[in-house]
Amino acid sequence: MPKVLLIGAGGVGAVVAHKCAQLPEVFSEIVLASRTKSKCDAIAAQLPRPCVTEQVDADNVPQTVAMLRKHKPDLVINVALPYQDLHIMDACLEAGVNYLDTANYEPPDHAKFEYKWQWAYHDRFKQAGLMALLGSGFDPGVTSVFCTYGRKHFIPELTEIDIIDCNAGSHGQPFATNFNPEINIREVTSQGRFWHDGKWAETPPLSVKSPFTMPEDLGTLNIYLMYHEELESLAKHIPELKRARFWMSFSDNYLKHLEVLGNVGMTRIDPVRFNGVDIIPLKFLKVLLPDPASLGPLTKGKTCIGCQLKGKDAAGKDSAVFIFNICDHEACFAEVRSQAISYTTGVPAMIGAKMMLTGKWSGKGVFNMEQFDPDPFMEDLNLYGLPWRILNQPVFQTPNL
Ligand SMILES: NC(=O)c1ccc[n+]([C@@H]2O[C@H](COP(=O)([O-])OP(=O)(O)OC[C@H]3O[C@@H](n4cnc5c(N)ncnc54)[C@H](OP(=O)(O)O)[C@@H]3O)[C@@H](O)[C@H]2O)c1
């Protein structure tokens, strides 16, 4: 019976552990490993069935290989940080274990994510007879599945994608990020980038904004154009795609704090000499900010993440749909003691793992989400906590770019 080994005991790791524990028929054994074992033990103590815990530094490949050889899992779910992706992929290759993650590799000293480093592992995974599934969170992850589902069932000629990620929730803290602060702030302060007429175009960070009225009376928020990793794999796998953009909501309060932190140098990722030691300001800032896992009991409200898809239907007529999920922070906390940002990432990680372990998604090599049949994944989203809806009309008037 399948055994899964999770690496990373943060906000997302906790949700994946809870959701895997709810499905003993798929995940018969769970091992939870992370840099700080006490965090694994705290999560294991909340689960309804036994979960073995381990201490590991996933940047140490021989150490990770030894752990994998000891436990012999069928699959590693990597929910540590993007910096660990390549090291964990190396360990999986050496120990002969399949691999899944939720975030694209990033070099620690350069705030840039690109699939080229992980795509370069394709032949090695293929030759080893192993599968690696990249980006099985919500965005990236479910957003790609929404796109392939819309293309399969409604808009076979999919020319335009707008991914819209709104958080209408509030945690009441002066400034906090909903997932790892370092990764979040690196992403948000990067250049905006979007796919336009078959090539990439760039905008200064957070310089393009537009109001967006969410469905189901959730209200109107300002959303900002950003670069996000699924744009790269969608542009690769959907050849007819002409335009693809990613938008995220931020409150004025969040942006005010971010601007000041940026102005004073606190978001820098280069070393600064302080009292004879090198410190990286953003890493230091992370220590000062609330741990995202601590926001669970404080966060109220809902998230709304969806994809507006435009193109031509099977009859060649112009067509548009919006496929989206709404997730309630407090309901997530009641179920797995996490807020909706960790929940919306952890549930798709569990479903991606289920797709692999049950053979619904299979292959040898390195794959992105949009390379597989979206239907079984979409069915599982409805079953395991992230129900979706479709509106057969455009919901967002995209600004001219
Ligand atoms: N696709 C999506 O929709 C989406 C959305 C949100 C987040 N994510 C991704 O999900 C991942 C987890 O995010 P999170 O919010 O859970 O982050 P987090 O709360 O900071 O948790 C990260 C965990 O990884 C552990 N870790 C870090 N370095 C490690 C190492 N070298 N060896 C072993 N463990 C290590 C940390 O250990 P310590 O406790 O010792 O620090 C921590 O337990 C990130 O990659 C993030 O980018 C994806």
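Visitor: Which hand does the crossing of H13 and H14 have, left or right?

Guide: A crossing is left-handed if the near helix is turned anticlockwise from the far one by less than a right angle, and right-handed if clockwise. H13 and H14 cross in the right-handed sense. Before we go on, please keep in mind that this is a predicted model: local features need pLDDT of at least 70, side-chain atom pairs count only at pLDDT 80 or more, and totals for chains, interfaces and linings use all residues. Residues are numbered from 1 along each chain as its sequence is written.

Visitor: At what angle do H13 and H14 pack, and how far apart are their axes?

Guide: Two packed helices are described by the angle between their axes and the distance between the axes. The axes are lines fitted to C-alpha atoms, for helices over the stretch in contact, and angles run from 0 to 180 degrees between N-to-C directions. Helices themselves (H or I, at least four residues) are DSSP runs, numbered from the N terminus. Here, H13 (residues 340–357) and H14 (residues 374–383) pack at about 135°, and their axes are 10 Å apart. H13 is therefore oblique to H14; angles under 35 degrees count as roughly parallel, over 145 as roughly antiparallel, 65 to 115 as roughly perpendicular and the rest as oblique.

Visitor: Which residues of H13 and H14 make the contact?

Guide: Two residues are in contact if their C-beta atoms, placed from the backbone, lie within 7 Å. H13 brings Ile-351, Lys-354 and Met-355, while H14 brings Pro-376, Phe-377, Asp-380 and Leu-381. By class, this contact has 5 nonpolar, no polar and 2 charged residues. For the classes, Ala, Val, Leu, Ile, Met, Phe, Trp, Tyr, Cys and Pro count as nonpolar, Asp, Glu, Lys and Arg as charged, and the others, Gly among them, as polar.

Visitor: How do H7 and H14 pack?

Guide: H7 (residues 142–153) meets H14 at an angle of about 120°, with the axes 9 Å apart. This makes H7 oblique to H14, and their crossing is left-handed. Val-142, Val-145, Thr-148, Tyr-149 and Lys-152 of H7 touch Pro-374, Phe-377, Met-378 and Leu-381 of H14. The contact holds 7 nonpolar, 1 polar and 1 charged residues.

Visitor: And at what angle do the axes of H7 and H9 cross?

Guide: Roughly 25°, and the axes of H7 and H9 (residues 230–237) come within 10 Å. H7 and H9 are therefore roughly parallel to each other, with a right-handed crossing. Thr-143, Ser-144 and Cys-147 of H7 make the contact with Glu-230, Ser-233 and Leu-234 of H9. These residues divide into 2 nonpolar, 3 polar and 1 charged.

Visitor: Into which domains is the protein divided?

Guide: Domain bounds come from an automatic or database domain assignment. Here we have domain 1 (3–134) and domain 2 (142–340 + 385–391), whose C-alpha centres lie 24 Å apart. Each domain puts 14 residues into their contact. On the side of domain 1 that touches domain 2, H1 gives the largest share, 4 residues. That side has 7 nonpolar, 5 polar and 2 charged residues.

Visitor: Why does the ligand lie between the domains?

Guide: Because domain 1 and domain 2 both give residues to the shell around the ligand. A residue counts as near a molecule if its C-beta atom, placed from the backbone, lies within 6 Å of it. Of the 33 residues around the ligand, Gly-10, Val-12, Ala-58, Gly-137 and Phe-179 come nearest. H1 (residues 11–21) gives the most to the shell, 3 residues. By class, the shell has 16 nonpolar, 12 polar and 5 charged residues.

Key. Helices (H or I, at least four residues) and strands (E, at least two) are DSSP runs, numbered from the N terminus.
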